[in-house]
Amino acid sequence: MQSGTLHLDLHGMNCQQAQAAIDSCLRRAGRSVYRVEVVHGYHGGTELRTMVRRVYAKHPKVLRLELGLNPGATELVLREY
């Protein structure tokens with residue numbers, strides 16, 4: 001059973017692999033999941049971060065994006081608590 005927040009680490013992936021991993025995570029997220037924390041990193045470049053924020057800001061399952069104090073992660077909010 002899943003609950004709360006799922007964590008997805010994209011380190012070592014290219015954009016195509018990362019997008020497939022995020023899509024898979026969103027498909028299998030149950031009703032109890034309200035957030036997906038996507039760890040994309042930022043020291044190795046911003047390509048993954050840019051892709052995550054551009055593509056998933058408009059995704060039908062994502063209510064909104066939240067950017068925290070950690071520039072290496074983006075939270076995809078699927079629904080309110």
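Biologist: How many salt bridges does a search of the whole structure find?

Modeller: Two remarks on the source come first. This is a predicted model, in which local features need pLDDT of at least 70 and side-chain atom pairs count only at pLDDT 80 or more, while totals for chains, interfaces and linings use all residues. Residues are numbered from 1 along each chain as its sequence is written, and side-chain values use heavy atoms, with hydrogens and water left out. Side chains of opposite charge can pair when their charged atoms come close. A salt bridge here is a side-chain nitrogen of Lys or Arg within 4 Å of a carboxyl oxygen of Asp or Glu. By that criterion, the whole structure has 4 salt bridges.

Biologist: Which residues are linked in a network of salt bridges?

Modeller: The network links Arg35, Arg64, Glu66, Glu75 and Glu80. Within it, Glu66 and Arg35 meet through their side chains at 2.8 Å, N to O. This pair links distant parts of the chain, with Glu66 in strand β3 (residues 64-66) and Arg35 in strand β2, 31 residues apart. Strands (E, at least two residues) and helices (H or I, at least four) are DSSP runs, numbered from the N terminus. Glu66 also forms a salt bridge with Arg64, the closest N and O atoms being 2.8 Å apart. Arg64 in turn meets Glu80 in a salt bridge of 2.4 Å, N to O. That pair too links distant parts of the chain: Glu80 is in the segment after β4 (73-77), and Arg64 is in strand β3, 16 residues away.

Biologist: Is Arg35 buried or exposed?

Modeller: Buried means under 20% relative accessible area, exposed over 50%, and partly exposed in between, with a 1.4 Å probe and protein chains only. Arg35 has a relative accessible area of 8%, so this residue is buried. Glu66 counts as partly exposed because its relative accessibility is 27%. Arg64, at 30%, is partly exposed, and Glu80, at 41%, is partly exposed as well.

Biologist: What of His7?

Modeller: His7 lies in strand β1 and, at 58% relative accessibility, counts as exposed. The side chain of His7 makes a polar contact of 2.4 Å with that of Glu37.

Biologist: With which residues is Ile22 in contact?

Modeller: Apart from neighbours within four places in sequence, Ile22 is in contact with Leu8, Leu10, Val38, Val52, Tyr56 and Leu76.

Conventions: Contact means heavy atoms within 4.5 Å. A polar contact is a pair of N or O atoms within 3.5 Å; within protein, one must be able to donate a hydrogen and the other to accept it, and residues adjacent in sequence count only if both atoms are side-chain atoms.
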